[in-house]
Amino acid sequence: MGITDDDRQAIVAYRIEKSFATFKEAQDVLTLGHLSLCANRLYYSAFHMASALLISHGHTTMTHAGVLRMINQHFIKEGLLERQASKLLNTLFSMRQQGDYCDVFDYERDEIEPLIDKTYNLLIQFKSLISNELL
């Protein structure tokens, strides 16, 4: 049994909302100086919006790597997004991995701060590719 249009619309709306809420968390924890947590929240804000984008176009995956791969396959290679979008998403994924799993590690503020605006712009790019019928 497939997903209904109403279910798809609800899931996309939820993930968009979750993306922006998670982005706000990234901003908040940055002001507190929690740089690894900020990197984590930036990645998840992008992940949730990428997931919304994929679902809105009928694509599903169960893994983070699958989301990255499908964004490349369906949006970068098709020319709907610039390669820079993929690079940023992969950078955020790597930073989240390193921040979450490396024992003796933390980011510097000058590594994280520029990613705030870049990530916000990425969210807007992803959201612009979601059909207005699903918003």
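Q: How exposed is Lys24, as judged by its relative accessible area?
A: The classes are buried (under 20% relative accessible area), exposed (over 50%) and partly exposed (in between), computed with a 1.4 Å probe on protein chains only. Lys24 has a relative accessible area of 44%, so Lys24 is partly exposed. This is a predicted model, in which local features need pLDDT of at least 70, side-chain atom pairs count only at pLDDT 80 or more, and totals for chains, interfaces and linings use all residues. Residues are numbered from 1 along each chain as its sequence is written, and side-chain values use heavy atoms, with hydrogens and water left out.

Q: With which residue does Lys24 form a salt bridge?
A: A salt bridge requires a side-chain nitrogen of Lys or Arg within 4 Å of a carboxyl oxygen of Asp or Glu. Lys24 is paired with Asp28, and their closest N and O atoms are 2.6 Å apart. Asp28 is partly exposed, at 33% relative accessible area.

Q: Why are Lys24 and Asp28 separated by about one helical turn?
A: An α-helix has 3.6 residues a turn, so residues three or four places apart point the same way. Helices here are DSSP runs of H or I with at least four residues, strands are runs of E with at least two, and both are numbered from the N terminus. Lys24 and Asp28 are 4 residues apart in helix H1, which means a separation of about one turn.

Q: How many salt bridges does a search of the whole structure find?
A: The search finds 4. Among them is Arg96 with Asp100, with 3.5 Å between the closest N and O atoms; both lie in helix H4, 4 residues apart. Arg96 is buried at 5%, whereas Asp100 is partly exposed at 34%. Another pair is Arg109 and Glu113, at 3.2 Å from N to O, 4 residues apart in helix H5.

Q: What does the span of H5 say about its geometry?
A: The expected span is 1.5 Å times one less than the number of residues. H5 covers residues 109–128 and reaches 29 Å from first to last C-alpha, close to the expected 28 Å. H5 also has a kink of about 30°, centred on Ile116; the bend at a residue is the angle between axes fitted to the seven residues ending there and the seven starting there.

Q: Which helices do the buried residues of H5 pack against?
A: Contact is taken as heavy atoms within 4.5 Å. The buried residues of H5, including Ile112, Leu115 and Phe126, pack against H1, H2, H3 and H4.

Q: How many residues are in the largest nonpolar core?
A: A nonpolar core is a set of buried Ala, Val, Leu, Ile, Met, Phe, Trp, Tyr and Cys residues joined through side-chain atoms within 4.5 Å. The largest has 41 residues, and those with the most contacts inside it include Cys38, Ile71 and Phe126. H2 gives the largest share of this core, 14 residues.

Q: Where is Leu81, and what is in contact with it?
A: Leu81 is in the loop between H3 and H4 and is buried, at 7%. Leaving aside neighbours within four places in sequence, Leu81 is in contact with residues including Ile71, Phe75 and Phe126.
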